[in-house]
Amino acid sequence: MIWDLHNHINGLPGATPDVHMENLIRFADRMGIERICVFMGYPFINEPTPEQLRAQNDQVLQALAHWSHRAFGFVYLSPQHLEFSLKEFDRCVRNGPMVGVKLWVARRASAPELDPIVEAAASMNAVIFQHTWHKTTGNLPGESEPADVAALAARHPGVPIICGHTGGEWETGIRAIRHLPDVYADVAGGDPTNGFVEMAVRELGARRVMYGSDSPGRGYASQLAKVMGADISEADRKLILGENLKRMMMPILQRKGIRV
Amino acid sequence: MIDVNVSLGPWPFRRFPGDTPSDLVARLKRRGVTEAWAGGFEGVFHRDTSAANARLARACETAGAGFLLPFGSVNPAAPGWREDLRRCHEVHHMRGIRLHPNYHGYKLSGAAFPDLLRAARDRKLIVQLALNMEDERSHHPLMRIPPLDPEPLPKALAEAPGVKLVVLNRMRAPAGEALAALARAGVHFDLAMIEGAGCVGDLMSVITPRRLLFGSHSPFQYFEAAVLKLKESAITGEDEAAILSGNARRLLQSE
Ligand SMILES: [Zn+2]
């Protein structure tokens, strides 16, 4: 069973969210991927306005309309627009079909504005996904480092938070989150550098490591290779490829009556 | 299956699972590889490339005779490179060499690069040009390697007609018409660092599969990535056979 934590409906040809989904699923099918999590619309905007957030979430809702048997949606929120984001969470998750929250590069995850968002998500058992990178070339002003996720998670013990990309430069990223048992490592969205998954399993345990691709900007192929090619046990491989994500999602799926 | 892009030796910033020559050979063979073209990480970083190439040749012979084909590093910005090239060819009997211009500190626009292309061509050596080794966002902060500009490649190539050039680790550039023109001029490309859902299929909409080579950039990268890329793009039949080994075989045998 393969569930992919990290997908976008941006980057493949297609004028509508439905066509994007068709194209994504075609590749996912070839790779044996059952379910994909989808967040953000198009184009990518670093600091979206409330109107832009709403429009992008509408695109994901549209994508889910025909693909709810294959895809889960996460609502794209911005701590720059906290009041709006809390309402948008209610529209898309509390009262809508989405099951998670995506936070990108508008503001660092260590900022206090994240707290009400995390509390809202936790109240619904929604998955919390925060992009991070640790770039030698320099992060965007609002782009989180894994250390920012660590600071946020330390304020919310017991709430699972996914450290997106595990910092890209994962050796630093894994170390930054190692001491926090509720922080999970997303393996998506970087080159398939050998040893990533082995180190994550060694330092975090396989139950805290999740497969995602960041497709279509990244291929399912290169990202699956990190898990398929890793020197780990078959049991650990299964956890990473989908069982961990499923376990994290079951409470909100059950709450919403979504059967998997 | 011929993997045209593997490397031996230590990478300075991390160990990789399976990074000793014997372990690498065992892993490649288990995955169906029948021959691998091996460069050396030492040749990327050491100034004494003569010694690095000698060790590479010995390691290939010891751990994988007839399986690992050594591709020595030559740095045309360093004094004495013609002697390195001669030893690669005449002493170590290598079939080709591997270049790392951004790590060795020269541009493709200078005179050194076409000089080397001509000298390698005259010896009928394959020239592998590594455009990247690692995402620049992850370089060690105190050792940042500038990206290599591939734009001067067509001009350099025109100055060395007939050279057998293989571009390794292409990420996004060259692209479009520049890429198509290079392929028409006979340049080959490996798959190791291309990205995106369906990336091999996308590449084949620009250049013929006869110019694509199977390369994994292992052990730096997980070997499986290159294999799964072919599956993701549903490459089968003649195209698959050409990419997996036919094209590389032809390149080795061509005069
Ligand atoms: Zn992403």
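This is a predicted model: local features need pLDDT of at least 70, side-chain atom pairs count only at pLDDT 80 or more; totals for chains, interfaces and linings use all residues.
Residues are numbered from 1 along each chain as its sequence is written, chains are lettered from A and ligands numbered from 1 in the order in which they are written, and side-chain values use heavy atoms, without hydrogens and water.

Start with chain A. It has nine helices and eight strands. These are DSSP runs numbered from the N terminus: helices are H or I with at least four residues, strands E with at least two. Along the principal axes, the C-alpha atoms of chain A fill a box of roughly 45 × 40 × 40 Å.

Now the packing. Of the 260 residues in chain A, 63% are buried, meaning under 20% relative accessible area with a 1.4 Å probe, counting protein chains only. Contacts are heavy atoms within 4.5 Å. Among the contacts in chain A with a separation of 6 or more, 74% join residues 24 or more positions apart.

Turn to chain B. Eight strands form an open sheet there, in the order β1-β2-β3-β4-β5-β6-β7-β8, with parallel pairing. Strands pair if DSSP finds at least two bridges between them. β1 (2-8) and β8 (212-213) of chain B stand at the edges; each has a single partner strand, so one side of each lacks a neighbour in the sheet. Inspect one pair. Strand β5 (residues 126-130) of chain B runs parallel to strand β6 (residues 164-168) of chain B, and five bridges join them. Ala130(B) stands opposite Leu168(B) in β6(B).

Key:
Buried means under 20% relative accessible area, exposed over 50%, partly exposed in between (1.4 Å probe, protein chains only).
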